[in-house]
Amino acid sequence: MTEPAGRRPRKRVHYGTGREALLEAAVRVVARGGLRRLTYRAVAEEAGVTHGLVVHHFGSRDALIEEALTHAIRSSLSSSALEPGTGEAADFSVGLTDMVESGPDLQAFQYELLLESRRRPELLAHLRSLYAEYFDATRRELTQMLPGPVDEGLSRMVFATLEGLVLHQLVFGEREVIEDALDELRSVLRLLAEKRDGEA
């Protein structure tokens, strides 16, 4: 039996990897069409499975949104080198431009959810708790890099710079410009470290 024209052939999603495949499908649906396009049917079609399987794994659309957001942020954290753990400015966010190039849908999905939270405040609490992982990772790395205390204002400023660069690359491309901007950010962090060392 052949699939109707225009439909993707259904694939078998294996237990253990199926949930992640569905989350990635949800991310792609939202990245391309916004949150309003996110339905069980759209995710099922994107993943090549039955819509009942999506219902079985997530139970509600809100659960699907929350789990897809968690998946997107944790994937971004692991691939961005936001927190290399070396305490060296030269290593800070070295994987950022590769992360955007290799996973633009993950980044677009997060921006879609951020904007949607202005219309749907119930998303905000979950976004806040997950974005706290970004903020904490930034602050931990800066604490290793810079002598003295790192306050929330500095760590948020640095993270906001990174987030703006991700958005710029996502929309305009210009990887070389983003790499130059990251080099400038690392230079500023090195100068700040030297200044603080001199004051200690």
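Let's start with Leu-167, which is partly exposed because its relative accessible area is 37% (under 20% is buried, over 50% is exposed, and partly exposed is in between, with a 1.4 Å probe and protein chains only). You'll find Leu-167 in helix H8, residues 152-172. Together with Val-171 and Phe-172, Leu-167 makes a nonpolar surface patch of about 300 Å². Patch residues have over 30% relative accessible area and no salt bridge, and nonpolar side chains are joined within 5 Å.

A quick word on what you're looking at: this is a predicted model, where local features need pLDDT of at least 70, side-chain atom pairs count only at pLDDT 80 or more, and totals for chains, interfaces and linings use all residues. Residues are numbered from 1 along each chain as its sequence is written, and side-chain values use heavy atoms, leaving out hydrogens and water.

Now step back. The protein has nine helices and zero strands (DSSP runs, at least four residues of H or I for a helix and at least two of E for a strand, numbered from the N terminus). Its C-alpha trace spans about 75 × 35 × 30 Å along the principal axes. Of the 200 residues, 40% are buried.

One of the buried ones is Leu-182, at 2% relative accessibility, and it sits in helix H9, residues 175-199. Leu-182 and Tyr-111 are 71 residues apart in sequence, and their C-alpha atoms are 20 Å apart in space.

Definitions and conventions: Patches are made of residues with over 30% relative accessible area and no salt bridge: like charges are joined within 9 Å, nonpolar side chains (Val, Leu, Ile, Met, Phe, Trp, Tyr) within 5 Å. Accessible areas come from the Shrake-Rupley method with a 1.4 Å probe; for residues, only the protein chains shown count as cover. A salt bridge is a side-chain nitrogen of Lys or Arg within 4 Å of a carboxyl oxygen of Asp or Glu.
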